[in-house]
Amino acid sequence: NGCGELYDEKIISFDTPLLQLGNDTVICKGENIVIPAQPGFNKYRWSTGDTTQSITVASAGNYSLTTTDRCGLQSDTITVAIDTIPTGLIELGNDTSMCWFGTDLPVLITSNTELPNYYWNTGDTTSEITVTERGIYTLQSRFRCGNVSDSVFVNRCPPAIFFPNAFTPNSDGRNDAFSAITVNTKVELMIIYNRWGQKIYESNDPFPEWDGTTNNEASPSGLYAFVVHYSDAESGFAKKEKRGTVMLIR
């Protein structure tokens, strides 16, 4: 009015909170969860019959709340599910072997169902693995509330060693040398003796073969003795010995 200004203010606030029970949730079997509501309402009425500000539930279902205050009613609903871990979900099948007619062949191990994740004891994270070694293979899948797993044992051909009873070193490409036939066995030493007990051949090669010669000269036909030292993984690579005879035929 020419002499200055006068002012005043009045604050009008909305004192009723907005009812929000939150997002739907999942709990583990045997657990419970507290569902809280905001404070500030005059009355709380849950679908369970409770009239408290919060409730504790352990069962799956839809839980509704209706609140009352001087501004009226508000309602909200939350869904609670239970995450149960299926029993025996993973099945890798029966124990098996890589052995096929005396030869170890790769074996494919695969999960029987689709899983949220894959953790093999080999470090692989795929739904299937190919194995070439004897052992126990375990697949584990981890869920929110725990994990499930299964194992399978993969065997290999049993260790074995064989020797021919004769050979013909005539350079025809068939049976030209004397050697051990092995299955998962390591030959460490092979010695050949003639009929007078003289050592005419010795080798510690991984795959020794005697070509029927003595000092680079063709050995005569006849019966020869052999001694072979060998080992295998199943016996802890303990040294074993095999003795026998072989007929050299010319």
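In the predicted model, the largest nonpolar core comprises 17 residues, of which F178, I192 and W210 touch the most other members. A nonpolar core is here a set of buried Ala, Val, Leu, Ile, Met, Phe, Trp, Tyr and Cys residues joined through side-chain atoms within 4.5 Å, where buried denotes under 20% relative accessible area (1.4 Å probe, protein chains only). Two or more residues are contributed to this core by each of β18 (186-193), β19 (199-203), β22 (222-231) and β23 (240-248), and β22 gives the most, with 4 residues. Strands are DSSP runs (E, at least two residues), numbered from the N terminus. Beyond its neighbours within four places in sequence, F178 is in contact (heavy atoms within 4.5 Å) with residues including F163, F167, M190, I192, W210, F226 and V246. A second, separate core of 15 residues includes I109, I129, Y137 and V148.

Strand β10 (residues 107-110) presents V107 and I109 on a covered face, whereas L108 and T110 lie on the uncovered one. In a regular strand, side chains alternate between the two faces of the sheet. Strands β10 and β12 (residues 128-131) run antiparallel and are joined by 4 bridges, with L108 opposite T130 of β12.

An open sheet of 4 strands has the order β7-β14-β13-β11 with mixed pairing; two strands pair if DSSP finds at least two bridges between them. Its edge strands, β7 (96-97) and β11 (119-120), each pair on one side only. Strands β13 (residues 135-143) and β14 (residues 146-155) are antiparallel and share 9 bridges; Q140 has S149 in β14 as its bridge partner.

Residues are numbered from 1 along each chain as its sequence is written, and side-chain values use heavy atoms, leaving out hydrogens and water. Local features need pLDDT of at least 70 and side-chain atom pairs count only at pLDDT 80 or more, while totals for chains, interfaces and linings use all residues.

Methods:
Buried < 20%, exposed > 50% of the residue type's maximum accessible area, 1.4 Å probe, protein only.
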